[in-house]
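Take a look at the sequence and the model first, and then we can go through some of the contacts together.

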Amino acid sequence: MWSRLRTILPSPNCLPPRWCSGFVSRMRYMNRLKEDDTACLSALHNGQIFLFHHLSPLLQCTQRGTLRPAALATSDVQSVLERLGSDGSLVKKSVLVSCLEQNQAQFCLDVGELDQVSVEEACEGKFLDLRKSLFLLTTAEAPILAKGQALLRWHQTSRFCSATGQLTHRNQAGSQRACSSNGIIYYPKMSPVVIVLVSDGRRCLLGRQPAFPLGMYSALAGFCDMGESLEEALCREVAEEVGLELQSITYSSSQHWPFPHSSLMLGCHATVSPAHTQLQVDHAELENARWFSLEEITSALKLQTPPQRGDSPALWLPPKQAVAHRLITEWTKQQLLKDTDQNQRPGSC
Ligand SMILES: NC(=O)C1=CN([C@@H]2O[C@H](COP(=O)(O)OP(=O)(O)OC[C@H]3O[C@@H](n4cnc5c(N)ncnc54)[C@H](O)[C@@H]3O)[C@@H](O)[C@H]2O)C=CC1
Ligand SMILES: [Mg+2]
């Protein structure tokens, strides 16, 4: 078995907009807000807030009937909270997540201590589970919600120092917490996860976990063990879950994923020998895994609505925002190109 990691430049839509004018100044401004509590508080007063309720984001319906995250002016959020009987201190629990042009900072805030329906009515929106939201949202704000939820969850579960047992206190941006007794600083935690679309040259391999929505299959994924490289983790996960040995690995792109806790998903393509494609699925990890043809994948990519109970079983793919979807789309394009090349070769009919 051998593996090779080739770093290729992801397609432009995977990259942060660093060539847009103002990118450097925005990044430096964000960095300053993480270090300077007074500047961050002032940015919060002039900024925008995405509200969450018990980690579910607030979405609003657009005039075109689509959903988008509600980016509310901090002053409006402040008035709503005051009307609902909360004192002004709640807004200060916002966490910094992004920055618009003209250095307008964006924050996320969980108002789970207030009545959900009252906030929804006051803000003309609905709090929706983040997983469901990611299936429905098409806007560029989806990653901001994922980041916001991950940061909010980290603060909710990191209130005590694991060395002293004392309370920890956050900075204004919410980018770190410090122990009140010995000053140890804690930063938000992420787990590296490998995700791989395995191909035998003609078909691609997808797996299904019991908790997935009806009909959904995805690329194989798994947490990296301590001490492992990306390549080692990929080879181990594929061997464990489906009993195959990888021949080659190509890096595609990465993604932050907030479920179940924060992960950094490292997305790759891999190949196995067409002579060794027999699967031995570990049913403790996967409900099923199987090879899918290009035709099956292209039909699934066209589906607009998820299969319902009672429908004939149809393949349903992860949402557009998931790196798994990106890997599947990249593989499909590559296969279609290969087919076109073969058909254009002299002598092909
Ligand atoms: N964004 C995307 O396109 C996709 C994301 N994923 C994500 O990938 C992640 C990993 O996939 P799985 O197949 O579940 O992983 P997995 O194959 O490693 O199995 C999960 C098990 O690994 C163990 N584990 C080891 N280290 C862990 C850690 N740091 N945190 C939690 N559990 C750990 C636990 O026993 C857990 O039950 C999942 O969180 C899933 O949400 C999965 C598929 C698609
Ligand atoms: Mg897995």
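In this predicted model, an N or O atom in the side chain of E285 sits 3.1 Å from an oxygen atom of ligand 1. The other polar approaches to an oxygen atom of ligand 1 listed here involve E241 and A324.

| Residue | Part of the residue | Distance to an oxygen atom of ligand 1 |
|---|---|---|
| E241 | polar side-chain atom | 2.7 Å |
| A324 | backbone N or O atom | 3.0 Å |
| E285 | side-chain N or O atom | 3.1 Å |

In total, 19 residues surround ligand 1, and the closest are Q209, A221, F223, E241 and A324.

The magnesium ion (ligand 2) is coordinated by A221 through O and by E241 through OE, at 2.1 to 2.2 Å. The pair links distant parts of the chain, 20 residues apart: A221 belongs to strand β14 (residues 220-223), and E241 to helix α7 (residues 230-242). Their accessibility is worth a look too: A221 is partly exposed, with a relative accessible area of 25%, while E241 counts as buried because its relative accessibility is 4%, under the 20% cut-off.

D110 is found in strand β7 (residues 104-110).

Technical notes. Residues are numbered from 1 along each chain as its sequence is written. Chains are lettered from A and ligands numbered from 1 in the order in which they are written. This is a predicted model: local features need pLDDT of at least 70, side-chain atom pairs count only at pLDDT 80 or more; totals for chains, interfaces and linings use all residues. Side-chain values use heavy atoms; hydrogens and water are left out. Donors are N, O and S atoms within 2.8 Å of the metal (3.2 Å for Na, K and Ca); water is not among the atoms, so sites may look incomplete. Helices (H or I, at least four residues) and strands (E, at least two) are DSSP runs, numbered from the N terminus. Buried means under 20% relative accessible area, exposed over 50%, partly exposed in between (1.4 Å probe, protein chains only). A residue is near a molecule or strand if one of its heavy atoms lies within 4 Å of it. A polar contact is a pair of N or O atoms within 3.5 Å; within protein, one must be able to donate a hydrogen and the other to accept it, and residues adjacent in sequence count only if both atoms are side-chain atoms.
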